[in-house]
Amino acid sequence: MRARILGTGSYVPERVLTNADLERMVATSDAWIMERTGIRERRLAAQGEACSNLAVQAAERALAAAGVAAAELDLILLATCTGDYPVPSTACLVQHRLGAVRAAACDIGAACCGFLYGLGVGDAYVRTGTRYVLVIGAEVMSAVTDWTDRNTCVLFGDGAGAAVLGPSEGDRGILSSHLHSDGGLWDLIAVPGGGSRMPPSEKMVAERQQYIKMKGNETFKVAVKTLEDGVREALAANNLTVDDLDLLVPHQANLRIIKAVASRLGLPLEKVMLNLEWYGNTSAASIPLALDEAVKAGRITEGSLVLMEAFGAGLTWASTVVRW
Ligand code: ACO
């Protein structure tokens, strides 16, 4: 027994922020952003639209696609680093609004890898007898973005994606999950303020410590190496080669990272799902957004072999292999 993805869904807010808009906010240019990241525009949540609002929309679409009612869910795992409140979990807000009356619910904090961590945990539950698990990745990155910092504000966007897991008795489903961490590199990507290390204060706000800080160039180098190793590890564990893959769905952080990894693996870009041009880096929402788009576009069909891989703050890195 393993878990299968029964349906996917996604949601992005309406408001679009283009590179031209950013040119009016910080010292940057459309040419720089396109060349260094591949991002053309990103979506921003409306005022009053929080993480749970995005998550509920994506979840309802995934439940409809799966043909599973909210009341049938046993577990809701919501991957985010931009939840509505520090307490309670955003998963509980989503559980209530969906009417998932039977479900346990909790958040997963693994930054950009959160959705793949969720698939790994959800798969383990289904393998041990749990029936339906809803895994969501939802982020309002604009809430932790410093709109005066050109090093980071051009990178992130808001969005949500979700998948419903259920039991699979055939050979379809999640073939493997590899979840990794290295907290020794925690300070490559961090929001320093607002937690118990640096509780909210006037000084913290004045120093803009409530916003995300990233050592971009160092992160870039670790990302390429780690992602390449991660894909090789996942393929070896399943006795597969790169040629067996129908589609790679990578975390959409930077087109140059994705291209470098594909080139090191010898994987043609036609076999790589890309949508970061339109959404930027949506952290935990990035993979489920791309996955849902690939399903809707017919790039993933029954029997497709799909490898998802991600890298993010923590550090964390992860991969999931699925026979669709
Ligand atoms: N516009 C114009 N110039 C800029 C901008 C900008 N928006 N941002 C930085 N620059 C400048 C820098 O100041 C620097 O100028 P200098 O040489 O005069 O100092 C120059 O451009 C080069 O800066 P680098 O940081 O070396 O640029 P790089 O090519 O590395 O690109 C980027 C930066 C896009 C951030 C890249 O390093 C990257 O994508 N890193 C990885 C991000 C990532 O994968 N994060 C993980 C997930 S995030 C999460 O977990 C939440």
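A residue counts as buried when its relative accessible area is under 20%, as exposed when that value is over 50%, and as partly exposed in between. One caveat before we start: what you're looking at is a predicted model.

Let's begin at the ligand. Its shell is made up of 27 residues, and the closest of them are Thr28, Arg36, Cys112, Asn217 and Asn254. Sorted by class, that shell holds 14 nonpolar residues, 10 polar ones and three charged ones. Domain 1 (2–170) and domain 2 (175–323) each put at least three residues into the shell. As for secondary structure, helices H2 (30–37), H6 (150–153), H8 (216–237) and H9 (255–265), along with strand E12 (305–312), each give at least two residues. Helix H8 makes the largest contribution, with four.

Now zoom in on the ligand's nitrogen atoms. The side chain of Thr28 has an N or O atom 2.7 Å from a ligand nitrogen. Trp32 also brings in a polar side-chain atom, at 3.4 Å from a nitrogen of the ligand. With Arg150, a polar atom of the backbone sits 2.9 Å from a ligand nitrogen. On its own the ligand would expose 1,000 Å², and the protein buries 76% of that.

On to the salt bridges, of which the structure has 12. Take Arg232 and Glu228, whose closest N and O atoms are 3.1 Å apart. Both residues belong to helix H8, four positions from each other, or about one turn. Glu228 has a relative accessibility of 11%, so it counts as buried, while Arg232, at 38%, is partly exposed.

Lys203 and Glu207 join their side chains in a salt bridge, with 3.3 Å from N to O. Lys203 is exposed at 56% relative accessible area, and Glu207 is partly exposed at 39%.

How values were computed
Residues are numbered from 1 along each chain as its sequence is written. This is a predicted model: local features need pLDDT of at least 70, side-chain atom pairs count only at pLDDT 80 or more; totals for chains, interfaces and linings use all residues. Side-chain values use heavy atoms; hydrogens and water are left out. A residue is near a molecule or strand if one of its heavy atoms lies within 4 Å of it. A polar contact is a pair of N or O atoms within 3.5 Å; within protein, one must be able to donate a hydrogen and the other to accept it, and residues adjacent in sequence count only if both atoms are side-chain atoms. Accessible areas come from the Shrake-Rupley method with a 1.4 Å probe; for residues, only the protein chains shown count as cover. Ala, Val, Leu, Ile, Met, Phe, Trp, Tyr, Cys and Pro count as nonpolar, Asp, Glu, Lys and Arg as charged, and the others, Gly among them, as polar. Domain bounds come from an automatic or database domain assignment. A salt bridge is a side-chain nitrogen of Lys or Arg within 4 Å of a carboxyl oxygen of Asp or Glu. Buried means under 20% relative accessible area, exposed over 50%, partly exposed in between (1.4 Å probe, protein chains only).
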